Amino acid sequence: MSEKPRPPILELVVVRTKEFLRETEAMFWVFGFPLLLALALGFAFRAKAPDKIPIGVVAGPHAQEHAAALAKSPVLLPRVYSVEEGRNALRLGRISLLVDDGPTFRFDPTRPDSRTARIEADDALEAAAGRRDVLHPHEEKVTQQGSRYIDFLMPGLVGMNLMSTGMWGMGFAIVNARMRKLLKRLVATPMRKSHYILSFFLGRMIWLTLEVVVLVLFGWLVFGVRVNGSIALLTLVCLVGGYGFSGLGLLLASRVKTIEAISGLMNLVMVPMWICSGVFFSYERFPDAVKPLIRALPLTALNDALRAVINDAAGFPQVMMPIIVLAAWGIVGFAIGIRIFKWQ
Amino acid sequence: MTSAAVECRDLRKHYADVKAVDGLDLQVERGECFGLLGPNGAGKTTTIEILEGLTVPDSGRVEILGMNWSDSERALRETIGISLQETQLPEKLTVFEIVRLFRSFYRDGRDPDDLLRDLSLDEKRNARYGKLSGGQKQRLAVACALIGNPQILFLDEPTTGLDPQSRLQLWEVVARFRKTGGTVLLTTHYMEEAERLCDRIAIIDHGKRISLGTPAELIAKLEARNIIEFTSEPELPEDTFRAICQGCTKHRDRWQLRVDSLADAVPQLLAIIEKRGAKLVTLSTHAATLEDVFVSLTGRELRDV
């Protein structure tokens with residue numbers, strides 16, 4: 001009559017999954033938030049004709065003449081200012097270059113747009129003054145799929161999401177259960193402790209698969225970001241990534257007693273990785289000296305591997321190193337986390 | 001000879017500056033309902049958690065059904081059921097899901113639906129834990145303790161904070177479990193609960209056992225079957241009525257006298273008050289209870305400690 005009880009590990013995973021499904025907020029952070037972020041950033045940085053660069057011309061005897069010559073450039077948007085207005089506009093960054101009557105170019109050489117404006121303005125004024133161009137190079141314009149910002153961003157978002165959900169999925173739930181004395185109640189039963197921790201990990205892996213599928217499909221359907229490499233390898237990278245961050249999440253949550261403490265600890269660990277690990281921009285800009293350190297971070301390893309597979313169609317040998325780094329984080333996290341874990 | 005259900009000898013557990021348990025001996029027989037009675041902070045929870053194998057004592061010996069925690073943890077976990085003082089089960093899971101989860105941990109156990117019926121939780125079967133009343137939550141906690149079909153049930157303050165109706169329901173659950181031959185060890189600071197449920201009681205204070213016996217034996221130890229409580233204006237000093245009672249305790253301006261016969265003592269007391277020219281403000285009497293035992297042993301009341 002009564003159904004046979006299911007094995008405890010299965011029961012634990014089922015319960016974890018149900019709890020999560022019923023947690024509307026958690027669902028948003030796992031699925032809604034990264035999609036919104038991808039949508040916002042994808043549109044903000046979508047490939048389009050670059051805007052014209054606003055520049056200023058200081059009022060004077062030759063101002064109108066200069067402005068007309070500069071307006072012929074396809075990239076410049078000149079406007080006439082009084083001396084004071086013009087200097088202010090330059091200082092505040094509203095214009096990238098100010099042309100004095102001389103003509104004199106006034107600009108900040110550390111700003112790339114100012115350097116472009118200077119070259120373009122020089123070109124336009126020289127041509128207006130009668131310079132003859134002799135070479136006339138042929139131009140070929142290429143805006144290729146795979147080299148757009150969104151192509152760079154999507155794998156980064158997948159990586160960031162795997163990190164956040166992996167860490168929070170383990171950390172928050174464990175600390176919450178400890179705070180509610182649920183852990184203590186559970187170890188008062190014959191439940192095997194390893195089953196409990198394993199159930200968190202397995203629950204994570206189920207959600208992780210869904211998250212990645214949703215994000216990758218979204219990137220493909222909305223922005224045309226293709227997975228150029230093999231799906232099998234992508235799956236492997238994601239699973240090892242999920243393992244690495246689950247281990248790290250367990251480690252952080254192993255002794256913490258309050259939600260406030262675990263939130264602080266999580267942010268302490270995750271925020272530097274959001275910045276350094278190449279989610280939104282490449283970490284190539286960091287000094288060479290710190291790069292080995294950055295590459296040892298789990299999110300860097302995951303992002304590198306994801307980009308290699310998704311953008312560059314890399315094979316296993318190219319992503320072996322990041323996979324080893326991720327696996328190492330997972331092994332260390334679980335080994336230490338389980339050893340120092342506090343059940344009460 | 002079969003071993004006792006629960007036995008401990010010279011149990012000690014000290015925290016930084018508190019001797020939570022300070023040399024405790026207990027023996028709970030099989031089929032018995034045994035109560036640890038004492039005020040908050042007396043060491044009841046530390047004691048029961050040591051017996052449950054959740055806290056390791058500094059010293060002392062614990063045997064449950066003849067087994068000890070270091071050698072037979074898994075076997076013991078299968079044979080005892082525990083309700084902790086303040087466990088919160090997962091808010092988003094339903095009553096049935098929680099019981100089924102706990103059922104999966106035990107090799108043998110009861111059918112979740114049968115058990116929920118026994119505890120009058122069948123109507124709440126599909127309600128989420130977060131939506132339950134205090135009494136329902138507590139009964140569910142006991143359901144989780146009973147699901148593995150235990151021989152011994154440990155209950156740490158099972159009815160604290162519950163309304164009288166819920167308390168009665170829980171007492172019935174305990175009574176039914178005992179009918180099947182189960183042993184119960186519970187802590188409480190409710191005298192009424194201890195008197196109603198327990199065959200024997202150990203009164204605990206400052207980590208020590210200060211008295212042990214059946215409720216009737218403990219009350220008999222007072223050698224005074226009745227209690228007179230009175231206040232007077234002005235207050236009377238103790239020596240004026242010391243001769244007419246077995247013992248007395250003072251709570252703020254209220255004197256509590258332990259007496260054998262109300263018929264003798266009350267007129268004597270009134271005469272003394274009149275002779276001293278004082279005025280009686282309040283007067284009440286009741287038959288001695290465990291509460292009075294506790295007061296006579298510690299000089300303090302249970303509730304306001």
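**Exercise 1.** Which residue is the bridge partner of T249(B) in β12(B)? Then place β12(B) in its sheet.

*Solution.* The model is a predicted one.

Step 1. Look along β12(B) for the residue bridged to T249(B): Q256(B) is that partner.

Step 2. The pair belongs to β11(B) and β12(B), two antiparallel strands joined by 5 bridges.

Step 3. Write down the whole sheet. In chain B, 4 strands in the order β11-β12-β10-β13 make an open sheet with antiparallel pairing. At its edges are β11 (247-251) and β13 (279-287) of chain B, each of which pairs on one side only. From one strand to the next, the twist averages 20 degrees.

Step 4. Helix α9 (residues 262-275) of chain B lies across β10, β12 and β13 of that chain, and runs at about 10 degrees to β10(B).

**Exercise 2.** Find the strand order of the open sheet of 3 strands in chain B, and say which strands stand at the edges.

*Solution.* 

Step 1. The order is β2-β1-β4 in chain B, with antiparallel pairing.

Step 2. The edge strands are β2 (18-28) and β4 (59-64) of chain B; each has a single partner strand, so one side of each has no neighbour in the sheet. The average twist from one strand to the next is 20 degrees.

Step 3. Check one pairing. Strand β1 (residues 6-15) of chain B runs antiparallel to β4(B), and 5 bridges join the two. One example is R12(B), whose bridge partner in β4(B) is S59(B).

Step 4. Helix α1 (residues 44-51) of chain B packs on this sheet and touches β1, β2 and β4 of chain B. The direction of α1 makes about 125 degrees with that of β1(B).

**Exercise 3.** Describe how helices α2 and α8 of chain A are placed against each other.

*Solution.* 

Step 1. Take the axes of α2 (residues 24-44) and α8 (residues 193-223) of chain A: they come within 10 Å and cross at roughly 25 degrees.

Step 2. Angles under 35 degrees count as roughly parallel, so α2(A) is roughly parallel to α8(A). The crossing of α2(A) and α8(A) is right-handed.

Step 3. Identify residues in the contact. From α2(A) they include F31(A), L35(A) and G42(A), and from α8(A) they include W207(A), E211(A) and F218(A). Sorted by class, the contact of α2(A) with α8(A) has 11 nonpolar, 2 polar and 1 charged residues.

**Exercise 4.** How many residues of chain B are in contact with chain A, and which helix of chain B gives the most?

*Solution.* 

Step 1. In chain B, 24 residues are in contact with 21 residues of chain A.

Step 2. On the chain B side, α2 (69-79) and α3 (95-105) each supply at least two residues. The most come from α3(B), with 7 residues.

Step 3. By class, this side of chain B has 10 nonpolar, 3 polar and 11 charged residues.

**Exercise 5.** What distance separates the centres of the two domains assigned in chain A?

*Solution.* 

Step 1. The domain assignment gives domain 1 (8-45 + 148-340) and domain 2 (53-128) of chain A.

Step 2. Taken over C-alpha atoms, the centres of domain 1 and domain 2 of chain A are separated by 49 Å.

Conventions:
Residues numbered from 1 in each chain as written. Chains lettered and ligands numbered in written order. Predicted model: local features only at pLDDT ≥ 70, side-chain atom pairs only at ≥ 80, totals over all residues. Pairing = 2+ DSSP bridges. Axes fitted to C-alpha atoms, helices over the stretch in contact; angles between N-to-C directions. Contact = placed C-beta atoms within 7 Å. Domains from an automatic or database assignment. Nonpolar A, V, L, I, M, F, W, Y, C, P; charged D, E, K, R; others polar. Parallel < 35°, antiparallel > 145°, perpendicular 65-115°, else oblique. Left-handed = near helix turned anticlockwise from the far one by under 90°.
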